[in-house]
Amino acid sequence: MKILIVDDGIAIREILKIMLNGFEVIEADNGEDAVKIYEREKPDIVFMDIILPKKDGIEVTKEILKLDPNAKVVGITAFESKREEMLKAGAIALLEKPITKSKLFDLIEKVCGKAQSR
């Protein structure tokens, strides 16, 4: 399973990579790169921060869904005010910060079926 993590915080990306050990993980630290990487890599699931430089996660989610209407984008946020907007943009679920391995894997299983690694 290929997973794209889009977050401008290197610490969040590193923590998620550790939690997702055993999966193929690719990263983007801004919205513009996320769209390019999605188009090139076609990941199975995208974990998308909402507050990003260059293009925010809401705009990027819309762009990815234009490229691939079947894309599985999960919004990552600590801001309650942006949750509804992210879902309206097409995110299939939200992962709230702080992120735990249990919440992460439960969400992967819900969205993609059985998670391959824990």
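Which residue's side chain meets that of Lys-97 in a salt bridge? Select Asp-7, whose side chain pairs with that of Lys-97 at 3.8 Å, N to O, a salt bridge being a side-chain nitrogen of Lys or Arg within 4 Å of a carboxyl oxygen of Asp or Glu. This is a predicted model, in which local features need pLDDT of at least 70 and side-chain atom pairs count only at pLDDT 80 or more, while totals for chains, interfaces and linings use all residues. Residues are numbered from 1 along each chain as its sequence is written, and side-chain values use heavy atoms, with hydrogens and water left out.

Staying with this pair, Lys-97 lies in the loop between E5 and helix H5 (101-112), and Asp-7 in the loop between E1 and helix H1 (10-19), 90 residues apart; helices (H or I, at least four residues) and strands (E, at least two) are DSSP runs numbered from the N terminus. Asp-7 is buried, with a relative accessible area of 2%, whereas Lys-97 counts as partly exposed at 28%; buried means under 20% relative accessible area, exposed over 50% and partly exposed in between, with a 1.4 Å probe and protein chains only.

Arg-83, buried at 19% relative accessible area, forms a salt bridge with Glu-96 (3.4 Å, N to O), a residue of strand E5.

Beyond four places in sequence, Met-48 touches residues including Val-6, Ile-64, Val-73 and Met-86, where contact means heavy atoms within 4.5 Å.

Finally, select Lys-2 in strand E1 (residues 2-6), which counts as buried at 17% relative accessibility. The side chain of Lys-2 reaches the backbone oxygen of Glu-41 at 3.0 Å. Glu-41 in turn forms a salt bridge with Arg-40, their closest N and O atoms being 3.4 Å apart.

Key. Polar contact = N/O pair within 3.5 Å; in protein donor to acceptor, adjacent residues only side chain to side chain.
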